[in-house]
Amino acid sequence: MQVPQQLVESVRRGEPGAFEELVRSTHRSVYSLVYRIVGNAEDAADVTQDVYLRVWRGLRGFRGDANFSTWLYRVAANAALTFVKRRARGGVPTEPSELPDLPTGDGAEERADAELLERALATLPESQRAVVVLKDVYGWTCQEIGKQMGTTEGAVKVRLFRARQRLADELASAGVVVPLKKRKKSS
Amino acid sequence: MRCHQIRPYLPGFVGGDLRQDTADIVAGHIATCTSCTAEIASLERVRTGLALVAAREVAPPAGLLDRILERTADQPARRVLAPVLPFAVDDLARLVSDHRDTIASAAGVAVVAAGAAYALWRAVRGSRSAEPATS
C-alpha cells in the first residue's frame with residue numbers, strides 16, 4: 001500500500017474529496033490487515049470503520065516525517081488488537097466465519113501456499129494469529145509487537161513459534177509437505 | 001542434542017529469532033539430521049508463503065466503503081472540538097472500558113489511603129486534646 005504524500009497533505013488541509021480518495025485507495029489493505037487479526041468478516045468491517053474514524057481525528061496530528069502507510073497500518077493494528085483484547089475479556093467465542101473470497105493465484109507453488117496459509121491463519125488461536133500476522137506477514141519486530149500488545153518480547157516469540165509450527169502442520173495435513181510423523185525418525 | 005529437544009526451536013530458527021548461541025546449537029544439529037532438515041524446509045515454506053500473504057487483499061464486504069464514508073462524514077463537529085479536548089468522548093469511554101480493572105483497583109487504593117489518613121488525623125488530634133495544659 002503506497003499513499004502519495006500529496007494526497008496526505010490534501011487530506012490534512014481538508015480539501016474536498018481528498019479523504020474519500022484516501023479511503024478508496026487504502027481501505028482494502030486496511031481491511032485485509034484487520035481481517036487477518038480479528039479473524040472474521042463482520043468484526044473486521046466494524047473495526048475498519050473505527051480505524052478510519054481514528055484516522056480522521058488523528059490525521060492533523062500526523063507528523064509528515066513518518067511514512068503514512070506505516071502510520072495507517074499501526075493505527076489499524078492497534079484498533080484490531082484492542083478489539084481482540086476486549087472480545088476475549090467479554091468471553092465471546094472467536095468463531096472464524098466464512099472464509100474470504102480470495103483472488104486465485106497464477107498456479108505457482110508459493111502462491112498456492114499463500115492461499116492455503118491465509119485460510120489456515122483464520123483457524124489459529126487469536127493471540128498466535130495476531131503475532132504471526134504482524135511478524136511474518138507485515139514484518140514487524142517482536143519488540144514492536146510486544147509493545148503494541150502489552151507483553152514481553154519473549155512471550156511474543158513463544159506465540160510466534162507455536163503459530164509457525166501449527167501452520168506448518170496445516171500445510172502437512174493439506175498434503176503440501178510431508179507430515180513430520182510420517183518422516184523417518186533419525187535420532 | 002536429540003530431535004525432541006531441538007524441534008521447539010526450529011520455528012524460531014527459520015525466522016532468525018533465536019539467540020546466536022541457541023541458533024548455533026540448532027544449526028549443528030540439523031547439519032546431521034535429515035528429519036529436522038525436512039522440518040526446517042516445511043517451516044521455511046510457511047515463512048515464504050506468509051510473506052506473500054501481505055500482497056494479497058481480502059475482499060471487503062459489499063458496502064464497507066460507503067459505511068466508512070458515511071461515518072466519517074458525520075464527524076465535522078469533532079474537528080471543531082479537537083482543539084478544545086485532547087481526546088474524543090468515544091476515545092475516553094473506550095479508555096475507561098479497556099482499563100476498568102486498573103481504575104477500580106486505583107479507586108480502591110485511594111479510598112483505603114483516604115481512610116487511613118483520616119484515622120491518623122483523628123488519632124493525632126485526639127492525643128493533642130488529651131495532653132494536660134501547661135501553664
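## Confidence

The model is predicted. Chain A has a mean pLDDT of 81, with 80% of its residues at 70 or more. Where pLDDT is low, the predicted coordinates should not be read in detail.

## Make-up of the two chains

Chain A contains eight helices and zero strands, so its elements run α-α-α-α-α-α-α-α from the N terminus on. Of its 187 residues, 39% count as buried. Among the chain A contacts with a separation of 6 or more, 62% join residues 24 or more positions apart.

Chain B likewise comes to eight helices and zero strands, in the pattern α-α-α-α-α-α-α-α along the sequence. Here 18% of the 135 residues count as buried. Residues 24 or more positions apart account for 54% of the chain B contacts with a separation of 6 or more.

## Domains of chain A

The domain assignment divides chain A into domain 1 (1-93) and domain 2 (106-178). Ten residues of domain 1 are in contact with eleven residues of domain 2. On the domain 1 side, α2 and α4 (68-89) of chain A each supply at least two residues. Helix α4(A) gives the most to that side, with six residues. By type, the domain 1 residues that touch domain 2 divide into seven nonpolar, two polar and one charged.

## The nonpolar core

The largest nonpolar core has 65 residues, of which A:Val34, A:Ile37, A:Ala76 and A:Ala80 touch the most other members. Helix α2 (residues 18-38) of chain A contributes the most to this core, with ten residues. In soluble globular proteins, nonpolar side chains tend to be buried together.

The contacts of A:Ala80 give a local view. Not counting residues up to four places away in sequence, A:Ala80 touches A:Val34, A:Ile37, A:Val38 and A:Val47.

## Helix α3 of chain A

Helix α3 (residues 41-58) of chain A has 18 residues and reaches 25 Å from its first C-alpha to its last, close to the 26 Å expected at 1.5 Å a residue. Its buried residues include A:Ala44, A:Val47, A:Val51, A:Tyr52, A:Val55 and A:Trp56. Also among the buried residues of α3(A) are A:Asp43, A:Thr48, A:Gln49 and A:Asp50. What covers the buried residues of α3(A) includes α2 and α4 of chain A, together with α5 (64-73) of chain B.

Helix α6 (residues 126-137) of chain A is mostly covered, with eleven of its twelve residues buried. The buried set includes A:Ala130, A:Val131, A:Val132, A:Val133 and A:Leu134, and A:Arg129, A:Lys135 and A:Asp136 also belong to it. After α6(A) comes A:Gly139, whose phi is positive, near 75°.

A:Val156 lies in helix α8 (residues 153-173) of chain A. A:Val156 is buried because 26 other C-beta atoms lie within 10 Å, where 20 or more are needed. Leaving out residues up to four places away in sequence, A:Val156 touches A:Val131, A:Cys142, A:Ile145, A:Gly146 and A:Thr151. One of these, A:Val131, is a buried residue of α6(A). From A:Val156 to A:Ala174 the separation is 18 residues in sequence and 27 Å in space, C-alpha to C-alpha.

## B:Val53 and its contacts with chain A

B:Val53 is located in helix α4 (residues 34-53) of chain B. B:Val53 counts as buried because it has 21 other C-beta atoms within 10 Å. Apart from its neighbours within four places in sequence, B:Val53 is in contact with A:Ala114, A:Leu117, A:Glu118 and A:Val137. Of these, A:Val137 is among the buried residues of α6(A). B:Val53 and B:Arg122 are 69 residues apart in sequence and 68 Å apart in space, C-alpha to C-alpha.

Note on methods
Residues numbered from 1 in each chain as written. Chains lettered and ligands numbered in written order. pLDDT = per-residue confidence, 0-100. Core = buried A, V, L, I, M, F, W, Y, C linked by C-beta atoms within 7 Å. Helix = DSSP H or I, 4+ residues; strand = E, 2+ residues; numbered from the N terminus. Contact = placed C-beta atoms within 7 Å. Domains from an automatic or database assignment. Nonpolar A, V, L, I, M, F, W, Y, C, P; charged D, E, K, R; others polar. Expected span 1.5 Å × (residues − 1).
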